[in-house]
Amino acid sequence: MNKKLLILPVIALITFQACKNDKKPAEESNATPQEVKLVSPEFNADSAFAYTKAQVDFGPRIPGTVAHQKCADYLVSKLKSFGAEVKVQGAKTTTYDGKSFQLKNILASFSPEKKNRILVAAHWDARPFSDQDADAANHTKPFDAANDAGSGVAVILEMARQIHQKQPDVGVDFVLWDLEDYGKANDETPDETTWCLGSQYWAKNAAATGYKALFGINLDMVGGGSAQFTQDEISRQLAPAIVNKVWDIGNEIGYSSYFVRIPSGKLVDDHFWMNKAGVPSVDIIHYNDNSGFYINWHTQLDNLANIDKNTLKATGQTVLETIYREK
Ligand SMILES: [Zn+2]
């Protein structure tokens with residue numbers, strides 16, 4: 001995920017840290033508030049955490065590395081074990097720095113025969129460099145990428161496990177994007193096209209083959225502490241009804257501190273390309289115009305120790321409930 005201007009005022013940083021320390025622990029990660037009646041199965045945050053760790057344990061999933069290859073194999077076999085129809089999609093793709101990689105989007109479909117479908121996506125590749133680290137000496141180093149992107153993939157794996165046990169009424173397509181995070185810092189192209197290479201590829205293909213879904217949800221950095229998912233401009237403009245649907249459900253089932261009804265600026269994330277393919281789609285992303293992205297975004301500190309199960313739970317249960325309410 002790219003952001004041209006990320007200015008973090010010192011005051012805001014201090015306030016943020018103070019708030020973080022004062023914050024009372026949220027509800028138990030696997031408990032849903034008593035009074036809430038869910039139509040979805042209980043999303044297990046311990047399981048989602050274990051799937052985050054499994055990815056981190058391969059090492060940084062940087063395109064062209066053995067860790068990337070092994071993790072792809074793991075994700076494919078895991079999704080197959082949950083009964084999904086799995087495909088790997090992609091072609092040789094050139095990144096902004098002139099390197100070439102075999103792009104691997106991982107597509108997993110449940111009940112492919114059903115007409116009414118929901119698309120849920122997250123990128124699975126790790127950015128090759130921690131160029132937002134406070135120490136400039138770390139800017140060329142890889143990082144664990146536990147939140148960006150392990151968390152979104154982990155939430156999808158846990159949802160797939162639940163769907164395997166109890167089918168919703170609608171069909172579900174999960175897509176794991178490759179080469180999302182290999183973009184150029186300060187990309188000045190209008191649609192920041194050095195980023196999101198996997199979803200750009202998928203969108204061209206989806207448009208050509210007439211792919212249809214009722215709506216789409218993209219997950220990006222959904223495992224950080226004190227996460228706030230604001231409503232970005234692209235989601236609000238291109239999929240306003242879906243923003244309301246998802247944020248309403250999040251609030252209704254007890255996650256109002258996460259699904260905040262605060263507007264934020266234009267973020268060209270994978271949901272932009274999902275919308276381009278004709279699927280009205282929103283982004284659930286840890287970002288706020290004042291504080292920027294997740295505090296450890298593209299730094300050495302995006303590691304497993306900084307993953308919060310409560311955030312995985314809030315995201316997973318809200319998306320699962322959205323899926324199971326759909327007919
Ligand atoms: Zn990123």
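Let's start with M221, which counts as buried because it has 28 C-beta neighbours inside 10 Å, where 20 or more is the cut-off. Keep in mind that this is a predicted model. M221 sits in the loop between strand 7 (215-220) and strand 8 (231-232). Its phi is near 65 degrees, a positive value in a residue other than glycine. Most residues other than glycine have a negative phi.

Where else do we find a positive phi? E192 has one too, near 45 degrees. You'll find E192 in the loop between strand 6 (171-177) and helix 5 (197-209). E192 also counts as buried, because 21 C-beta neighbours lie inside 10 Å.

Now have a look at strand 5, residues 117-123. Seven of its seven residues are buried. R117, L119, A121 and H123 point one way, while I118, V120 and A122 point the other way.

Strand 5, helix 4 (residues 146-165) and strand 6 together make a right-handed β-α-β unit.

Last stop, helix 9, residues 309-325. At 1.5 Å a residue, its 17 residues should span 24 Å, and the end C-alpha atoms are 24 Å apart, so the two agree. Helix 9 is mostly covered, with 14 of the 17 residues buried.

Definitions and conventions: Residues numbered from 1 in each chain as written. Predicted model: local features only at pLDDT ≥ 70, side-chain atom pairs only at ≥ 80, totals over all residues. Helix = DSSP H or I, 4+ residues; strand = E, 2+ residues; numbered from the N terminus. Expected span 1.5 Å × (residues − 1). Buried ≥ 20, exposed ≤ 12 C-beta atoms within 10 Å, placed from the backbone. Right-handed = clockwise from strand over helix to strand, strands pointing away.
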